[in-house]
Amino acid sequence: ELTAFWQLAVYTGMRRGEMLGLRWGDIYLERGQLAVRRTVTRGADGLVFGDPKTSAGRRSIAIPSPVVAALRSHRARQSERRLRLGPAWVDTE
């Protein structure tokens, strides 16, 4: 289940907080690109979503075809789980 996450890390060099901050709306599978728009850090009260520290942190990253394939597979599995769980699904986007 973490295949796409690890491939994204290896192929793009993204930081953990950047990857955890991704939403499907930030990923453009047809173009093979993603946009870094937010990050996740650990705060006193748990996880905190915020903007990248610098303007250079907000950027587009090309994602190679093996990562695109892994993300497509992950999204399909996620959609299947969403359908199976119905109203019990909690969407965090």
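The largest pocket has a volume of about 610 Å³. This is a predicted model, so local features need pLDDT of at least 70 and side-chain atom pairs count only at pLDDT 80 or more, while totals for chains, interfaces and linings use all residues. Residues are numbered from 1 along each chain as its sequence is written, and side-chain values use heavy atoms, leaving out hydrogens and water.

**The pockets.** A pocket is an open set of points on a 1 Å grid over the protein atoms alone, where a 1.4 Å probe fits and protein lies on both sides within 12 Å along at least five of seven lines; lining residues have an atom within 4 Å of a point. Volume is the space filled by probe spheres set on the points, which are joined across faces, edges and corners.

In the largest pocket, 22 residues form the lining, and Met19, Leu22, Trp24, His74 and Gln78 lie nearest its centre. Helices α1 (3-12), α2 (16-20) and α3 (65-85) each supply at least two lining residues. The largest share, four residues, comes from α3. Helices (H or I, at least four residues) and strands (E, at least two) are DSSP runs, numbered from the N terminus.

The second largest pocket has Arg15, Glu18 and Lys53 among its lining residues. Its main contributor is β3, with three residues.

The table divides each lining by residue class. Ala, Val, Leu, Ile, Met, Phe, Trp, Tyr, Cys and Pro count as nonpolar, Asp, Glu, Lys and Arg as charged, and the others, Gly among them, as polar.

| Pocket | Volume | Lining residues by class |
|---|---|---|
| Largest | about 610 Å³ | 13 nonpolar, three polar, six charged |

**The hairpin.** Strands β3 (residues 39-43) and β4 (residues 46-50) pair in the antiparallel sense over five bridges. Pairing requires at least two bridges found by DSSP. Two residues separate β3 and β4 in this hairpin. Thr39 faces Gly50 of β4 across the pair. Thr39 also lines the second largest pocket.

**The rings.** Phe5 and Trp6 are an edge-to-face pair, because their ring centres are 5.6 Å apart and their planes stand at 85 degrees. Rings of Phe, Tyr and Trp (its six-membered ring) pair with centres within 6.5 Å; planes under 30 degrees apart are stacked, over 60 edge-to-face, the rest tilted. Phe5 is partly exposed at 23% relative accessibility, and Trp6 is exposed at 52%. Buried means under 20% relative accessible area, exposed over 50%, partly exposed in between (1.4 Å probe, protein chains only).

Arg31 lies over the face of Tyr28, 4.2 Å from the ring centre. The rule asks for NZ of Lys or CZ of Arg within 6 Å of the ring centre and within 35 degrees of the ring normal.
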